[in-house]
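Grab a pencil and work through the exercises below. Try each task yourself before you read its solution.

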Amino acid sequence: MNQADGLCKRLTIIVAALNEEHNLEAAISAITGAFDATGWKYEILLFDDHSTDGTGPLADRLAAANPRLRVFHNERRLNIGGIYKAGIREAAYDYCLLLPGDNEVLVEEVARGVAYLDRVDLRSEEHTSEL
C-alpha cells in the first residue's frame, strides 16, 4: 500500500456522463493526465447515465484502452446523486470524488487539491451500507 504520513494514497474518481459523446474522450484524457502526475493510485468509474447518443460505445472503447477505467451503463437515469452513491458502492479505493464527463472542470486543479487531504481538519466518511 502506498502511504505517506499515514495517508493511504488511493483514489476512486467517479465520472457522470449523460450524452457526452463529444466531450467524454477529452474529459477522460484530462483526468488521466492530471492524476497520473499526482503519484496516487487511482481508478476511474465512468457511469453512462442512460445516454441516447454515442456515449456508451465511446465509454467502452476508452475502457478497452485504459485498465484504470471501468464503465457502468445505467439502465435508467440515476442522475448525479444516484451516480455518486453507485460509485461509492463500486469504489475500490479509500477516497472518492465526483467529476462530470463534460470536460468543464479544471481537473488539474482538483488533482492538485488531493495533495492536501493529509492536512484537513475534518474528513467526512460515507457509510455505504445505508446507500
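A residue is called buried under 20% relative accessible area, exposed over 50%, and partly exposed in between (1.4 Å probe, protein chains only). This is a predicted model: local features need pLDDT of at least 70, side-chain atom pairs count only at pLDDT 80 or more, and totals for chains, interfaces and linings use all residues. Residues are numbered from 1 along each chain as its sequence is written, and side-chain values use heavy atoms, with hydrogens and water left out.

**Exercise 1.** Find out which parts of the chain Asp94 and Arg10 tie together.

Step 1: you need the rule, which is that a salt bridge is a side-chain nitrogen of Lys or Arg within 4 Å of a carboxyl oxygen of Asp or Glu. Counting that way gives five salt bridges.
Step 2: check the pair. The closest N and O atoms of Asp94 and Arg10 are 3.0 Å apart, a salt bridge.
Step 3: Asp94 sits in the loop between α3 (79–90) and β6 (95–100) and Arg10 in strand β3 (residues 10–17), so the bridge ties together parts 84 residues apart in sequence. Helices (H or I, at least four residues) and strands (E, at least two) are DSSP runs, numbered from the N terminus.
Step 4: look at accessibility. Arg10 is partly exposed at 22%, and Asp94 is partly exposed at 42%.

**Exercise 2.** Work out where Arg68 and Asp36 lie.

Step 1: the two form a salt bridge, with the closest N and O atoms 2.5 Å apart.
Step 2: Arg68 is in the loop between α2 (55–65) and β5 (69–73), while Asp36 belongs to helix α1 (residues 24–36), so this pair ties together parts 32 residues apart in sequence.
Step 3: Arg68 is partly exposed, at 34%, and Asp36 is partly exposed too, at 48%.

**Exercise 3.** Is Glu43 buried or exposed, and which residues share its salt-bridge network?

Step 1: start with the bridge between Arg70 and Glu43, at 3.1 Å from N to O. Arg70 is in strand β5 and Glu43 in strand β4 (residues 41–48), 27 residues apart.
Step 2: Glu43 has 7% relative accessibility and counts as buried, whereas Arg70, at 31%, is partly exposed.
Step 3: through shared partners, salt bridges join Glu43, Arg70 and Glu90 into one network.

**Exercise 4.** List some buried residues of α1 and say what covers them.

Step 1: the buried ones include Leu24, Ala27, Ile28 and Ile31.
Step 2: their cover includes β3, β4, α2, β5, β6 and α4 (107–113), where contact means heavy atoms within 4.5 Å.
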